[in-house]
Amino acid sequence: MKKVLIIMVVALAAISAGAQTVQEHETHIKNQEELMENKKDSIKDLDSQIKVLKQRVDSLNKEEKKVKEQISALEKLKKGHENDIKVAEKTRKSHFASRDNLVFSTGVASVLLAPYNKMDVEDALKHFDGMETKEVLKKKELVQNYGKYTKNLREFLEKQKIVLAGEGWAVQDPKSETYKKFMKGLKGTNYWKIYDASTRNPSIPYLDNVMEQVMQQATNGLSNSRRFDEIINMLYSNDY
C-alpha cells in the first residue's frame, strides 16, 4: 500500500509541478526535427562543393593551396553542422522522454492504480501510439496483460480457497505441505515474476498491493477465510 501511495504522489506531482505540457514538448520535438533536416541539407550542399573543389585540386595545381584552404573552411563548417545535429537530436530525445513520461503519468498510470477495467485499459493503450522512449514503452506490456494477470491470480486463489476450506481453515505452518504447495502455486502465477522484481522494474501498483495482502495472509497461516474472500473480490471483473 505504501508503494501505491508513493506512485500516486509522484504522478500528481508530475501533473502539478508546472512542467511543460505535452503540446509544448511536441512543439520542441518538431523544431529540433526541422533544424536537423536543415542541417542535413546544408551538409549535402557542402559535400557537393567539397567534391568540386577537390576535383579542381587535381586539375589546377597552381591553385592548390587556395583551394585546399577553401576545402578546409567548408569541412569545418560541415563539422559544425554535424555537431548541431547531435545537439538537436539530444534535445529532441530529452523532450520526447519528458513528453512520453507526461503522457504516461496523465493518461495511463491511474489505470494501473485501480482494479482491471477493459475499457480503461484499451483507452490507456492508445496513449502509447507515437512514443519513442524505451523506459516508458516497457510499461506497455504491463497494461496489455493487466487482465490476464488479474484473472490468473484470481483463479489461483479461488482454487486455494477450496483447499483451505477443506482443511477447516486451520492455521498452516510454513513447513506444512498445504503451505508449501500454496507458495509454489503463487510463485507460478503469471504476475509473480513482475511482483518479485517490482523494486527494480515497472509493475502494476494495484496488483502489487493484492500480492502484498496475499503474502500477509500466508504469513498469518492462511486461516482467515473472510480476509481471503476480500482479496479474491479485489480481482473480480466482468471485462475479461
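This is a predicted model: local features need pLDDT of at least 70, side-chain atom pairs count only at pLDDT 80 or more; totals for chains, interfaces and linings use all residues.
What covers the buried residues of H8? Helix H7 (146-166), helix H9 (192-196), helix H10 (205-219) and helix H11 (225-233) are included in that cover.

1. The average pLDDT of the chain is 88. A score of at least 70 is reached by 88% of the residues. Residues 1-17 have a pLDDT below 50. In the model, that stretch has 16 contacts beyond near neighbours in sequence.

2. Overall make-up. The chain has eleven helices and zero strands. Read from the N terminus, the order of elements is α-α-α-α-α-α-α-α-α-α-α. Of the 240 residues in the chain, 37% are buried. Take the contacts with a separation of 6 or more: residues 24 or more positions apart account for 72% of them.

3. Helix H8 spans residues 177-186. Its buried residues are Thr178, Tyr179, Phe182, Met183 and Leu186. They sit on the same side of H8, because the arc they cover around the axis is only 130°. Glu177, Lys181 and Lys184 are exposed on the other side of H8.

4. H8 against H10. The two axes come within 11 Å and cross at roughly 165°. An angle over 145 degrees counts as roughly antiparallel, so that is how H8 and H10 run relative to each other. The crossing of H8 past H10 is left-handed. From H8, the residues that meet H10 are Tyr179, Phe182, Met183 and Leu186. Each of these four is also among the buried residues of H8. On the H10 side, the partners are Met211, Val214, Met215 and Ala218.

5. H7 against H10. Here the axes are 11 Å apart and the packing angle is about 15°. H7 is therefore roughly parallel to H10, since the cut-off for that class is under 35 degrees. This crossing is left-handed. H7 contributes Tyr146, Tyr149, Thr150, Leu153 and Leu157 to the contact. H10 contributes Tyr206, Leu207, Val210, Met211 and Val214.

6. Which residues of H10 does H8 meet? Met211 and Val214 are among them. Met211 and Val214 also belong to the H10 side of the contact with H7.

7. Glutamine 213. This residue is found in helix H10. Is glutamine 213 buried or exposed? It counts as buried, because its relative accessibility is 16% and the cut-off is under 20%. Neighbours within four places in sequence aside, glutamine 213 is in contact with Arg227, Ile231 and Met234. Isoleucine 231 is 18 residues away from glutamine 213 along the chain. Their C-alpha atoms are separated by 7.3 Å.

8. Glutamine 217. Helix H10 also holds glutamine 217. Its relative accessible area is 7%, so glutamine 217 is buried. Beyond neighbours within four places in sequence, its contacts are Leu222, Asn224, Arg227 and Ile231. Arg227 and Ile231 are contacts of glutamine 213 as well.

9. Leucine 222. Where is leucine 222 placed? It is in the loop between H10 and H11. Its phi is positive, about 55°, although leucine 222 is not a glycine. Its relative accessibility is 0%, so leucine 222 counts as buried. Glutamine 217 is in contact with this residue.

10. Tryptophan 169. This residue is found in the loop between H7 and H8. Tryptophan 169 is not a glycine, yet its phi is positive at about 55°. Tryptophan 169 counts as buried because its relative accessibility is 18%, with the cut-off at under 20%.

Methods: Residues are numbered from 1 along each chain as its sequence is written. Side-chain values use heavy atoms; hydrogens and water are left out. Buried means under 20% relative accessible area, exposed over 50%, partly exposed in between (1.4 Å probe, protein chains only). Helices (H or I, at least four residues) and strands (E, at least two) are DSSP runs, numbered from the N terminus. The arc is that of the directions from the helix axis to the C-beta atoms. Contact means heavy atoms within 4.5 Å. pLDDT is the predictor's confidence in each residue, from 0 to 100. Axes are lines fitted to C-alpha atoms, for helices over the stretch in contact, and angles run from 0 to 180 degrees between N-to-C directions. Angles under 35 degrees count as roughly parallel, over 145 as roughly antiparallel, 65 to 115 as roughly perpendicular and the rest as oblique. A crossing is left-handed if the near helix is turned anticlockwise from the far one by less than a right angle, and right-handed if clockwise.
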